[in-house]
Amino acid sequence: MNQAALVLIKPDGLKKSLTGNILTRLSETKLEIVAAKMVRVSKELAEEHYKHLKDKPFFKDLISYIRGELHERRKVMAMVYWGEDASTKCRELAGATNPEEAEPTSIRGSYGRITTAGVYENVIHVSSNPEEAQREIKLWFHPEEIIVDLYPAKEIVAREYKRKVWA
C-alpha cells in the first residue's frame with residue numbers, strides 16, 4: 001500500500017555535506033520524492049514537531065539542534081517520500097535513533113554521533129509510522145508543495161494574505 005514519510009536531513013547532515021550520500025542511500029528504497037525544500041526551522045515548528053518529547057530533559061537541546069543553533073546551519077532539507085511501505089523502508093535505512101545502537105551500515109550508524117552533552121546528532125529524521133507521517137507532513141508542507149494528493153485538502157480564499165514576492 002502506498003504511503004508517505006517525512007524525511008529531514010538535519011543541520012549536522014547539511015554541515016557535513018552528507019546530502020548526496022543520504023539521498024543515494026535513500027534511493028535504495030525505490031520510493032518517489034514527491035516534495036522537497038530547504039526550511040529555516042522556526043522555534044514554533046520545532047516545538048510542534050517534537051511536542052511528544054516536551055517533558056524530556058533534552059527537549060531544549062533537541063529544539064536547538066533541529067533549528068541549527070548547534071551547527072551554524074539554520075536549515076534542514078525536508079522531503080516527502082512516497083510509495084509502498086515508505087515509513088518502514090526509510091526507517092530501516094536510517095537506522096536506530098541512537099547512533100551508537102544503529103547498524104553500522106545504516107545512515108545514522110555511518111554518520112551520526114552523540115555529543116558530550118548527550119544530544120543525538122543523527123543527521124536524519126524519518127516519520128515513525130503513517131499516522132505520524134501525516135501529522136508531520138502537514139506541519140512541514142502545504143498541499144500545493146506536494147506533487148501528489150496525499151491527504152484531503154480544500155481551497156480557501158485568503159483575503160489579507162501577506163507574503164514575500166520578488167522585488
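Good morning. From the N terminus on, the elements of this protein run β-α-α-β-α-α-β-α-α-β-β-β-α, which comes to seven helices and six strands. Helices (H or I, at least four residues) and strands (E, at least two) are DSSP runs, numbered from the N terminus. With a radius of gyration of 16 Å, close to the 15 Å that the globule rule gives for 167 residues, the protein is as compact as a globular protein of that length. That radius is taken over C-alpha atoms, and the rule is 2.2 Å times the number of residues to the power 0.38.

A word on the source. This is a predicted model, in which local features need pLDDT of at least 70 and side-chain atom pairs count only at pLDDT 80 or more, while totals for chains, interfaces and linings use all residues. Residues are numbered from 1 along each chain as its sequence is written, and side-chain values use heavy atoms, with hydrogens and water left out.

Of the 167 residues, 43% count as buried, meaning under 20% relative accessible area with a 1.4 Å probe, protein chains only. Among contacts (heavy atoms within 4.5 Å) with a separation of 6 or more, 74% join residues 24 or more positions apart.

I turn now to helix α4, residues 59-66, which is mostly covered, with six of its eight residues buried. These are Phe 59, Leu 62, Ile 63, Ser 64, Tyr 65 and Ile 66. Which elements do the buried residues of α4 pack against? The partners are the strands β1 (2-9), β3 (76-84) and β5 (120-121), together with the helices α1 (11-15) and α3 (43-49). After α4 comes Gly 68, with a positive phi near 85 degrees.

Notes: Buried means under 20% relative accessible area, exposed over 50%, partly exposed in between (1.4 Å probe, protein chains only).
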